[in-house]
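The exercises below walk through the fold one piece at a time, each with a worked solution.

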Amino acid sequence: MGSRLHHDWSELAPECLLDIFSRLSMGQRWNGPMLVCKTWMNLCQDPSFNTVLDLEAEFLSSPESFYWWSPEFEEKVDSTIRSAVDQSQGSLTEVRVRHCTDKSLSYVAERCPNLEILWVKYCPKVTDVSMRKIALNCPKLKELDVSCSFKICCACMKMVGTNCKNLQILKRNSMQPLLRHCTYVQYLSFEYHGDIEADTIVRHMSQLKHLELRLFSSLTDSAIVDLCEGCSNLEYLDLFGCGRLTSKGVTKAISKLKNLKVIKKPDFDVLGEALGMDVEIDLEWLNKLFEEYDGVEHNG
């Protein structure tokens, strides 16, 4: 019988190990290599290996939970962010998180001047306090997702646009109608002023190539026409769920976008009829409509 070969992973060069570890999600890294031995833990904590903090995979792979909306969970996310900043020694360039607060985001702004990508969606405790610091201290920002983070006002977005001239991608989506998170209902009273938001984008973010304004119920045809005229470089535009827009208005608006590759329009027939009803809407059905539509790209 031939002898079986046993591979000794401890003999792999650090460069090879880092290449392997880089293919793991943050959760897999924390619950795997960092627990094997001190050498692997030290490799995972190397500043050059910690330029990205991406928790999105963990959220997408886990069932939604009421616990996510609790102060205890927010503190855990904040603690994770602060640890990532410390491990990177301020070299973070990408942060994708949910349910954090001003405390951790201010920590990022004060220590990570090279930040290029920031996702802080579903963060009711993120406000202008931390986002102003991001705008002032992180001028290299290229991508920003503040979807469903309602405490960030339009004036703060103006500051982001003024100071972050490299911004190419903005996701400013509003909340879907169906919410299973009771503790979040208090924030439903907030509604983006669609036309004011659009004017701010035109005046201070005209260089954008990717823009998402899903479920802006107050956005009007005239505002979206002005937006498309002022942001002529747009290649991707998501207006799904913007109930006041008309087919004629959207068609006129996107005719001004010569580089447009993807447009997600409102479902004018189905959505307009549902949102215009005086009777109670079947929110479960409507939410299913959004989920099914979310992954569909409409070209032209």
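**Exercise 1. Work out how covered strand β2 is, and find its partners on both sides.**

Step 1. Strand β2 spans residues 94-98, and four of its five residues are buried, so to speak mostly covered. Buried means under 20% relative accessible area, exposed over 50%, and partly exposed in between, with a 1.4 Å probe and protein chains only. Strands (E, at least two residues) and helices (H or I, at least four) are DSSP runs, numbered from the N terminus.

Step 2. Before going on, a note on the source: this is a predicted model, where local features need pLDDT of at least 70 and side-chain atom pairs count only at pLDDT 80 or more, while totals for chains, interfaces and linings use all residues. Residues are numbered from 1 along each chain as its sequence is written, and side-chain values use heavy atoms, with hydrogens and water left out.

Step 3. On one side, β1 pairs with β2 in the parallel sense over three bridges; V52 stands opposite E94 there. Two strands pair if DSSP finds at least two bridges between them.

Step 4. β2 is also joined to β3 by five bridges, again running parallel. Here V97 has V120 in β3 as its bridge partner.

**Exercise 2. Describe how helices α6 and α7 meet.**

Step 1. The axes of α6 (residues 102-111) and α7 (residues 128-137) come within 8 Å and cross at roughly 10 degrees. Axes are lines fitted to C-alpha atoms, for helices over the stretch in contact, and angles run from 0 to 180 degrees between N-to-C directions.

Step 2. α6 and α7 are therefore roughly parallel to each other. Angles under 35 degrees count as roughly parallel, over 145 as roughly antiparallel, 65 to 115 as roughly perpendicular and the rest as oblique.

Step 3. D102, L105, S106, A109 and E110 of α6 make the contact with V129, S130, M131, K133, I134 and N137 of α7. Contact means heavy atoms within 4.5 Å.

Step 4. Sorted by class, the contact of α6 with α7 has five nonpolar, three polar and three charged residues. Ala, Val, Leu, Ile, Met, Phe, Trp, Tyr, Cys and Pro count as nonpolar, Asp, Glu, Lys and Arg as charged, and the others, Gly among them, as polar.

Step 5. Zoom in on S106 of helix α6. S106 is buried at a relative accessible area of 7%, and S106 touches S130 and K133, leaving aside residues up to four places away in sequence.

**Exercise 3. Which residues of α10 are buried, and what do they pack against?**

Step 1. The buried residues are A223, I224, V225, L227 and C228.

Step 2. They pack against α9 (194-204), β6 (210-212), β7 (236-238) and α11.

Step 3. For the α11 side, the axes of α10 (residues 221-230) and α11 (residues 247-254) come within 8 Å and cross at roughly 10 degrees. These two helices are therefore roughly parallel to each other.

Step 4. D221, I224, V225 and C228 of α10 meet G249, V250, K252, A253 and I254 of α11; this contact divides into six nonpolar, one polar and two charged residues.

**Exercise 4. Find where H99 and L215 lie, and give the phi of each.**

Step 1. Recall that most residues other than glycine have a negative phi.

Step 2. H99 lies in the loop between β2 and α6, and has a positive phi of about 60 degrees although it is not a glycine. H99 counts as buried at 2% relative accessibility.

Step 3. L215 is in the loop between β6 and α10. L215 is not a glycine either, yet has a positive phi of about 65 degrees, and at 14% relative accessibility L215 counts as buried.
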